[in-house]
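Here is a short report on one model. Look at the structure first, then read on.

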Amino acid sequence: MADEVTMDKIVSLCRRRGFVFPSSEIYGGLGSTFDYGHYGVLVKNNIRARWLEAMVQERDDIVLIDSAVILHPRVWEASGHVEGFTDPLVDCRTCKLRFRADKLEDSQCGRKPSKRPGEYSECDLTEPRQFNLMFETTVGPVAEAGARAFLRPETAQGIFINFKNVLQLARRRPPFGIAQVGKSFRNEITPGNFLFRVREFEQMEMEYFVPPAQADQWYRYWIDARFEWYVKYGLRRSRLRVREHGPEERSHYSQGTSDIEYDYPIGWSELEGVANRGDFDLTRHAEFSGTELEYVGPEGAERYVPYVIEPAVSIERIFVAMLVDAYDEEEVAGRGRTVLRLHPAIAPVKAAVLPLIARDSAMVEKARGLYEELRTAHAVEYDEGGAIGRRYRRQDEIGTPFAFTVDEQTLADDTVTIRDRDSLAQERLTIGQVAGRLGDELRKPWTTPKGESA
Ligand code: GAP
């Protein structure tokens, strides 16, 4: 079943159920920009919260920062982005489309669809020219007189320029990390594949400062830790792999990079990158700013520029991977259903409360009472619209793991049914047990029912 999951199915579900909308739609849309609807926001919030739990809340050695989007322009000179954050761009004089010269195999000529535009006589490609991916803006009220600045293309630099603040105030000694979650912006030449490559995305990055001699050990540690985080939140191991970059593929700052790749409908592609950035960033910022950025031990006994290990990912790439991995279509009692088998901690809604007969005021009252109780602790939905089967399908499609149904028997003995999204098993429990049971279910370790154990 999973083999049939296409990006079109995911896009269609996201549109249909209000997870994600094409942005500026009433004005005809703006290519490759998206707005998130209610369920999409809830999923994003859950992904962010699980990342923060693992990276900050459950650890003693990582603290948070929230830096500005627009930084001093010298930051991007020091980081190498002004000079080197470029992609090679080619134009096709025939179809007038633009391609990345290093990704021609993935491109399509607009006039004559093909895998290799350059091989068709109709295609007439210009020589590649380097195109900087940073969005430029002007700081100050008058464009001509204002200072040229950039929207950050990564959150990492906001961390490096605060290294000294954190080191002093938090009295840190390597190894320690600084984490940041926030928007990044890249003027991608070929955005696409839904949320996979967009121009505005939310990055989650952590810079882990270590003694140089420990860099390789921590690099391996973070590759493993981040890989297992994906398995914990339901992605199948068989759909994940680690791919180490060759020296020619690495970014200018990197001494070693590994991608955690997911088998997206577009093929194996980068989900998250883990890099050993060496001392490149701190050394460059020290040089450009004139501020010493190093660790000095008690009484100056130790002094060094820490190396940095960086796990970096966007919520968008995780969002797509999790929806693709969770998506299923199946037949139940002769009727088709689409179900998102999301990890309960990622699912936008944790439980639905449903009165079997919406016209029955006693059932409605019981169901509303249960709903009011559960919503104090969890994202739950109350739904009395339409046949019960249809209501279950609606919840399956957005990945709600549990449904509690109030029926005739509830009125007699105060019990309700709990229905499991994946197994479809139902059992009865008393209304008084529901809150505790839901809490227990949501705390349990969970593995995908899609035929693979973690
Ligand atoms: N600080 C290092 C850095 O930014 P990167 O490999 O360019 O490295 C890190 O980006 C992560 O950010 C990627 O692994 C991916 O998850 C995400 N990302 C990068 N560009 C993206 C885009 N255009 N759309 C969505 N996510 C993107």
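## Around the ligand

Of the 21 residues around the ligand, those that come nearest are Glu 154, Arg 186, Val 198, Glu 205 and Glu 270. Here a residue is near a molecule if one of its heavy atoms lies within 4 Å of it. This is a predicted model: local features need pLDDT of at least 70, side-chain atom pairs count only at pLDDT 80 or more, and totals for chains, interfaces and linings use all residues. Residues are numbered from 1 along each chain as its sequence is written, and side-chain values use heavy atoms, with hydrogens and water left out.

Now for single atom pairs. In the side chain of Glu 270, an N or O atom is 2.5 Å from an oxygen atom of the ligand. Gly 273 uses its backbone: an N or O atom there lies 3.5 Å from an oxygen atom of the ligand. Ser 314 has a polar side-chain atom 2.9 Å from a nitrogen atom of the ligand.

## Two packed helices

Two packed helices are described by the angle between their axes and the distance between the axes. Helix 1 covers residues 7-16, and helix 9 covers residues 315-326. They pack at an angle of about 100°, with their axes 10 Å apart. So helix 1 is roughly perpendicular to helix 9 (angles of 65 to 115 degrees count as such). Axes are lines fitted to C-alpha atoms over the stretch in contact, and angles run from 0 to 180 degrees between N-to-C directions. Helices are DSSP runs (H or I, at least four residues), as are strands (E, at least two), numbered from the N terminus.

Which residues meet? Helix 1 brings Met 7, Ile 10 and Cys 14, and helix 9 brings Phe 319, Val 320, Leu 323 and Val 324. Contact means heavy atoms within 4.5 Å. By class, this contact has 7 nonpolar, no polar and no charged residues. Ala, Val, Leu, Ile, Met, Phe, Trp, Tyr, Cys and Pro count as nonpolar, Asp, Glu, Lys and Arg as charged, and the others, Gly among them, as polar.

## Two buried strand residues

Leu 354 lies in strand 19 (residues 351-355). Leu 354 is buried, with a relative accessible area of 0% (buried means under 20%, with a 1.4 Å probe and protein chains only). Leu 354 and Asp 407 are 53 residues apart in sequence, yet 8.8 Å apart in space, C-alpha to C-alpha.

Thr 415 lies in strand 22 (residues 415-420). Thr 415 is buried too, at 11%. Its side chain makes a polar contact with the side chain of Asp 413 at 2.7 Å. Another, of 2.8 Å, joins the side chains of Thr 415 and Arg 428. A polar contact is a pair of N or O atoms within 3.5 Å; within protein, one must be able to donate a hydrogen and the other to accept it, and residues adjacent in sequence count only if both atoms are side-chain atoms.

Key
Buried < 20%, exposed > 50% of the residue type's maximum accessible area, 1.4 Å probe, protein only. Parallel < 35°, antiparallel > 145°, perpendicular 65-115°, else oblique.
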